[in-house]
Amino acid sequence: MAFLIEKPTLADIGQMQELVKGEVERGVILERSVDEIANAIRSYHIVREEIAQSKAAKNPRSNHKGKIIGFCALYIYSATLGELRSLIVDKLHRNKGIASALIESVKREAKELGLTEILVLTYQEQLFQKLGFVIIDKMLLPNQKIWADCIKCKHFPICNEVALIAKL
């Protein structure tokens with residue numbers, strides 16, 4: 001199944017924060033402030049609920065857009081290494097290929113930018129392994145990841161996430 005993946009606008013930040021709220025509360029995804037998301041808005045990839053049956057969808061000049069049902073982001077560490085972050089799909093839309101489509105979209109963008117590797121920290125290692133990622137030792141993560149992100153996690157320093165990397 002194909003999904004329309006697009007770039008969000010600043011007006012989408014509220015919806016994005018609402019979608020990820022439950023996972024943030026559980027400590028599965030790191031919380032990002034409005035300003036953090038705004039600053040990185042160009043790194044996000046989103047999927048919206050289809051609105052094909054609505055009048056707005058039939059009118060290309062309409063400002064109505066479907067509800068965001070999934071997103072993730074690409075963070076760049078260096079000229080060769082990026083990270084896939086904040087992958088979330090609405091509970092009602094899981095197991096439909098949306099997460100895989102988002103991951104592949106980020107991998108394509110990373111490759112187009114010239115990155116050679118993309119890493120991820122996740123509890124869903126099987127999903128990423130299915131898409132070409134391999135498990136690595138967390139000691140191989142860049143120090144800036146640990147001190148910029150991991151230190152904010154409620155599970156730090158005892159991390160149960162699995163680190164994976166994919167060659168592009």
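Helices here are DSSP runs of H or I covering at least four residues, numbered from the N terminus. Keep in mind as you click around that this is a predicted model.

**Stop one: Arg26.** Select helix α1, residues 13-26, and you'll find Arg26 in it. Is Arg26 buried or exposed? Its relative accessibility is 51%, and exposed means over 50%, so Arg26 counts as exposed. Now show side chains: that of Arg26 makes a polar contact with the side chain of Glu23, at 2.9 Å.

**Stop two: Asp12.** Next, pick Asp12, which sits in the loop between β1 (5-6) and α1. This one counts as buried, because its relative accessibility is 7% and the cut-off for buried is under 20%. Which side chain does the Asp12 side chain pair with in a polar contact? Select Arg48: the two side chains make that contact at 2.9 Å. Leaving aside residues up to four places away in sequence, Asp12 touches Ile46 and Ile68 as well as Arg48.

**Stop three: the largest nonpolar core.** This core has 23 residues, and Leu84, Ile98, Ile118, Phe128 and Phe133 touch the most other members. Color β3 (68-76), β4 (81-89), α4 (98-113), β5 (117-122) and β7 (162-167), the elements that each give two or more residues to this core. The biggest contributor is α4, with 7 residues.

Zoom in on Phe133. Beyond four places away in sequence, Phe133 touches Ile103, Lys107, Ile118, Val120, Phe128, Leu164, Ile165 and Ala166.

Methods: Residues numbered from 1 in each chain as written. Predicted model: local features only at pLDDT ≥ 70, side-chain atom pairs only at ≥ 80, totals over all residues. Heavy atoms only, no water. Core = buried A, V, L, I, M, F, W, Y, C linked by side-chain atoms within 4.5 Å. Buried < 20%, exposed > 50% of the residue type's maximum accessible area, 1.4 Å probe, protein only. Contact = heavy atoms within 4.5 Å. Polar contact = N/O pair within 3.5 Å; in protein donor to acceptor, adjacent residues only side chain to side chain.
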